[in-house]
Amino acid sequence: MAVERDATTMEGTSSVLFARPGRETELLSAIRSYMQALTADRDLIFVDLHATKHTDKFVLLEMYRDAQARARQFTSDHGRSWSEAAAELLTQESIIERIRPVMSLSLGCARPNTDVEALEPRPTVCTVAGDAVPFGAFVRIFPRTATEPEFMPIVQRQGEIVAEKEPGYLFADFYRFDSPDQMLVLEYYDDRRSFSHHHTMEHTFEFVRIKEAGDYEAQKHQAFTIKPGESFGPFARTFEVD
């Protein structure tokens with residue numbers, strides 16, 4: 001169910017990107033060019049693009065085998081080209097942050113752990129039914145460091161309950177930001193209806209009650225909805241109709 005990862009090994013970048021007015025198409029083209037260039041890097045694990053309900057807002061998620069591989073992107077030709085394009089096309093609202101994987105909760109499309117050397121490149125396939133359009137959320141949570149060892153097993157158990165009781169659930173990936181007491185949760189369901197239904201379930205309400213009773217979070221989470229775009233790399237994640 002859960003794929004644990006060594007947070008000291010894999011390292012990546014989470015980018016929430018806002019285009020300057022009228023520059024949306026140029027930004028999307030620059031993102032795609034950067035993603036295509038990354039596929040030639042032997043240390044790339046995956047790079048994912050996600051759309052939002054705003055035509056000028058995108059999420060780019062990159063993951064590499066280690067910190068050195070991530071750092072190398074900033075001095076590469078494609079990295080410099082992307083930086084130049086970003087300086088011209090992005091607003092100051094854009095946020096680019098380092099992330100490290102914590103765990104992946106899924107029955108069928110969790111990504112691998114850090115021991116990727118022992119694995120053949122294997123794109124992860126999430127199966128959806130009929131004409132479903134996957135729908136998810138980018139969620140910033142604020143778990144207290146002092147109670148995190150107690151809180152994370154509760155989170156993992158909640159993922160198991162959701163997977164058991166909600167057929168539309170696909171996955172939830174957890175990443176640690178550099179900022180203290182902050183994590184990213186990237187979660188997906190097979191469509192918007194399943195996503196909305198999740199928030200009406202009794203086990204969801206119970207999870208909220210447990211969080212509040214334990215005072216496990218320093219503040220309320222921050223979130224916005226996303227839809228999948230392109231995914232590249234030896235461990236790309238795709239969505240296929242059953």
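Reader: Does Thr145 count as buried or exposed?

Author: This is a predicted model. Thr145 sits in the loop between strand 7 (135-141) and helix 4 (148-165). The cut-off for exposed is over 50% relative accessible area. Thr145 has 52% relative accessibility, so this residue counts as exposed.

Reader: How far apart in space are Thr145 and Gly159?

Author: In sequence, Thr145 and Gly159 are 14 residues apart. From C-alpha to C-alpha, their separation in space is 20 Å.

Reader: How many residues apart in sequence are the parts that the pair ties together?

Author: Cys109 belongs to the loop between strand 5 (95-105) and strand 6 (124-128), while Cys126 belongs to strand 6. The pair therefore ties together parts whose separation in sequence is 17 residues.

Reader: What is the handedness of the link of Cys109 and Cys126?

Author: The angle about the S-S bond is 105 degrees. With that value, the link of Cys109 and Cys126 is right-handed.

Reader: Is Cys109 buried or exposed, and which is Cys126?

Author: Buried means under 20% relative accessible area. Cys109 has 4% relative accessibility, so Cys109 counts as buried. Cys126 has a relative accessible area of 1%, so Cys126 is also buried.

Reader: Where does Asp181 lie?

Author: Asp181 is a residue other than glycine with a positive phi, near 60 degrees. At 27% relative accessibility, Asp181 counts as partly exposed. Its place is the loop between strand 8 (169-177) and strand 9 (183-189).

Reader: What is the phi of Asp215?

Author: Asp215 is found in the loop between helix 6 (202-214) and strand 10 (222-232). Asp215 is partly exposed, with a relative accessible area of 42%. Although Asp215 is not a glycine, its phi is positive, at about 50 degrees.

Reader: Within what arc do the buried residues of helix 1 fall?

Author: The buried residues in helix 1 are Leu27, Leu28, Ala30, Ile31, Tyr34, Met35 and Leu38. Seen down the axis of helix 1, they line one face of the helix, because they fall within an arc of 160 degrees.

Reader: What do the buried residues of helix 1 pack against?

Author: Their partners include both strands and helices. They are strand 2 (11-18), strand 3 (44-51), strand 4 (57-64), helix 2 (67-73), helix 3 (77-89) and strand 10.

How values were computed. Residues numbered from 1 in each chain as written. Predicted model: local features only at pLDDT ≥ 70, side-chain atom pairs only at ≥ 80, totals over all residues. Heavy atoms only, no water. Disulfide = S-S within 2.5 Å. Helix = DSSP H or I, 4+ residues; strand = E, 2+ residues; numbered from the N terminus. Buried < 20%, exposed > 50% of the residue type's maximum accessible area, 1.4 Å probe, protein only. Arc of directions from axis to C-beta. Contact = heavy atoms within 4.5 Å.
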